[in-house]
Amino acid sequence: MKKNICIVAGARPNFVKVAPLLRAIHKSGELDCHLVYAGCEDDPTLEPSLFDDLQMQRPDFYLGVDSESLNEITSRVMGEFDRFLDTHPTDVVIVVDDLASTMAAAIVTKKRGLRLAHLVAGTRSFDINMPKEINRLVIDALSDYLFTAGVRSTGIATREQSESSQTYLVGNILMDTLRFNHDRLQRPALMDNVSDRYIVFTLNRRALLADEEKMQRMVKAMTEAAGDVPIIAPLRPSAAKVISSIFHLPSSFFLTSPLSYLEFGWLTAHAAGVITDSGNVAEEATFNGVPCITLNNYTEHQETVTVGSNVLVGEDPEKLREAVAKMVAGEWKKCALPDRWDGRTAERIVQILR
């Protein structure tokens, strides 16, 4: 009899990591799988092209939780996922990353005595004031299978694991998706009006957007250091509103709506540099060998700094200015691909599950 696997995704970025795992599960022919999304079917963050771009199935079930309150998300996902498990026999639940919905599904899974697997385990900021750090600690502590992306996260997961849990260094599953889609990337139409040498800027972190004075100084430093090199910023409406309201943007700053997955992948792969607060975007930059500046003092993906193309500047405008100047001048550090960024992570996970 086939084992029943349930994969729970809590937000759009999770699907980028789930897609290769679904392909590997279906290819094996030995496992049945349900894909559950914590949000709603009409979630505006899930652009119509997303699942076609990733060449993956749409979720089999939607829990329909759409709150912005982390505590409300946790309680509602727990209730809805518990009801889902009432009618869907499951042997192993796989949860992705470190969201409130991920933690909620993990708690319900273990309360029911089911096996729990965490993708990606062992990531830490070591800042207990961050809600996501609490989520990571809880999920890893409950998990039976800890699937890690790198040596550092493997060390953390191994030190913290319980007697019944097992840690596996499977590699970075985001690379499976990047390699699969490398030849399918699509040049965005906006490039018809932009020179071939440009910088990509993304911003999502609420705490940074909320500090308008600091944000203004950082955007000023970034645009001044970039000079004539265009900055393309595909931002969500909330972030775009903040940026456009606090700073008179120069003509070389192109504020645009979010792009499709394949278009954004093309944009970052061909950029002269990337400035971001996203760990996933920093990982993609390392894969592409593109200089990357992260607007954080830490990264959960340390190999992007120690081996890859990523540099941390925190929220310091002067450090940002210096880094952008080096980026524009082509004075960046040498970088390489970290270990097990080979595109075979999903295969390893399925082998373990089998």
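Predicted model: local features only at pLDDT ≥ 70, side-chain atom pairs only at ≥ 80, totals over all residues.
I started with the open sheet, which has six strands in the order β10-β9-β8-β11-β12-β13 and parallel pairing. Strands here are DSSP runs of E with at least two residues, helices are runs of H or I with at least four, and both are numbered from the N terminus. Two strands pair if DSSP finds at least two bridges between them. I noted β10 (253-256) and β13 (310-312) at the edges; each has a single partner strand, so one side of each is left without a neighbour in the sheet.

Residues are numbered from 1 along each chain as its sequence is written, and side-chain values use heavy atoms, with hydrogens and water left out.

Next I looked up β11 (residues 273-276) and β12 (residues 292-294), which pair in the parallel sense over three bridges. Isoleucine 275 stands opposite isoleucine 293 in β12. I found helix α14 (residues 317-329) lying across β8 (199-201), β11 and β12, at about 170° to β12. Axes are lines fitted to C-alpha atoms, for helices over the stretch in contact, and angles run from 0 to 180 degrees between N-to-C directions.

Last, I checked glycine 39, in the loop between β2 (31-37) and α2 (50-54). Glycine 39 counts as buried because its relative accessibility is 5%; buried means under 20% relative accessible area, with a 1.4 Å probe and protein chains only. Leaving aside neighbours within four places in sequence, glycine 39 is in contact with Tyr62, Leu63, Gly64 and Val65, contact being heavy atoms within 4.5 Å.

Methods. Buried < 20%, exposed > 50% of the residue type's maximum accessible area, 1.4 Å probe, protein only.
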